[in-house]
Amino acid sequence: MTPQVLKQRKYDTAYMRMALEWAKLSHCHRRQVGALIVKDRMIISDGYNGTPSGFENPCEDDDGATKWYVLHAEANAILKTAASTQSCEGATLYITMSPCKDCSKLIYQSGIKRVVYLEAYKDDSGLQFLKRAGLKIEQLTDL
């Protein structure tokens, strides 16, 4: 690997470790997911899966099913950016689980150009959409 590739891998690993820590803030029991949006080596947003602001924290109902209105980590991070003076244009999204098909549309539309993920989601149609749209997709396997 070139020195530039090694340096990028070092940053990717560090940002993913931070996303894993962010995931621990989630109140979801079934799965905790964290996300960071990084632009020009600066974290511009973060998010984790959970209910919308002002709602109860538990993500699952009494039967253990995920409530329909739970927001995914990447959606929370993108929405947080939209409410700020920052822009996702050209940024990298670090996420502990690959995006679903609905979130992949938000990722593409937000201007994010690269997605680095840790675990693969059961349905890879979101990743396939992002690849088709020309985003760089990378899975970290050696964390």
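Helix H3 spans residues 101-110, and its buried residues are Cys-103, Ser-104, Ile-107 and Ser-110. Those residues sit on the same side of H3, because they cover an arc of only 130° around the axis. Please keep in mind that this is a predicted model.

**Around helix H3**

- Just after H3 comes Gly-111, which takes a positive phi of about 100°.

**What the UniProt record says**

- An unreviewed UniProt entry places the feature "domain: CMP/dCMP-type deaminase" at residues 10-138.
- Over residues 10-138, the chain is 33% helix and 22% strand, with the end C-alpha atoms 14 Å apart.
- Under "binding site", UniProt (unreviewed entry) lists His-72, Cys-100 and Cys-103.
- These residues span 32 residues in sequence, yet no two of their C-alpha atoms are more than 8.9 Å apart, so they gather at one spot.
- His-72, Cys-100 and Cys-103 from this set belong to the lining of the largest pocket.

**A closer look at His-72 and Cys-100**

- His-72 lies in the loop between E2 and H2, and His-72 is partly exposed, with a relative accessible area of 34%.
- Not counting residues up to four places away in sequence, His-72 touches Tyr-48, Asn-49, Cys-100 and Cys-103.
- Cys-100 is found in the loop between E3 and H3; its relative accessible area is 11%, so Cys-100 counts as buried, the cut-off being under 20%.
- Leaving aside neighbours within four places in sequence, Cys-100 is in contact with His-72, Glu-74, Tyr-121 and Gly-126.

**The largest pocket**

- The largest pocket holds about 660 Å³ of space.
- Its lining has 26 residues, and those nearest the centre are Val-33, Asn-49, Thr-66, His-72 and Tyr-121.
- H2, E3 and H3 each supply at least two residues of this lining.
- By type, the lining of the largest pocket divides into 15 nonpolar, 4 polar and 7 charged residues.

**The second largest pocket**

- About 250 Å³ of space lies in the second largest pocket.
- It is lined by 15 residues, with Tyr-48, Gly-50, Thr-51, Ser-53 and Asn-76 nearest its centre.
- Strand E2 (42-48) and H2 each give at least two residues to this lining, and E2 gives the most, with 3 residues.
- The lining of the second largest pocket divides into 4 nonpolar, 9 polar and 2 charged residues.

Note on methods: Residues numbered from 1 in each chain as written. Predicted model: local features only at pLDDT ≥ 70, side-chain atom pairs only at ≥ 80, totals over all residues. Heavy atoms only, no water. Buried < 20%, exposed > 50% of the residue type's maximum accessible area, 1.4 Å probe, protein only. Helix = DSSP H or I, 4+ residues; strand = E, 2+ residues; numbered from the N terminus. Arc of directions from axis to C-beta. 1 Å grid on protein atoms, 1.4 Å probe; cavity = no way out; pocket = protein on both sides within 12 Å on 5 of 7 lines; lining within 4 Å. Points joined across faces, edges and corners; volume = space filled by probe spheres on them. Nonpolar A, V, L, I, M, F, W, Y, C, P; charged D, E, K, R; others polar. UniProt positions renumbered as here; feature names shortened; annotations may be inferred. Contact = heavy atoms within 4.5 Å.
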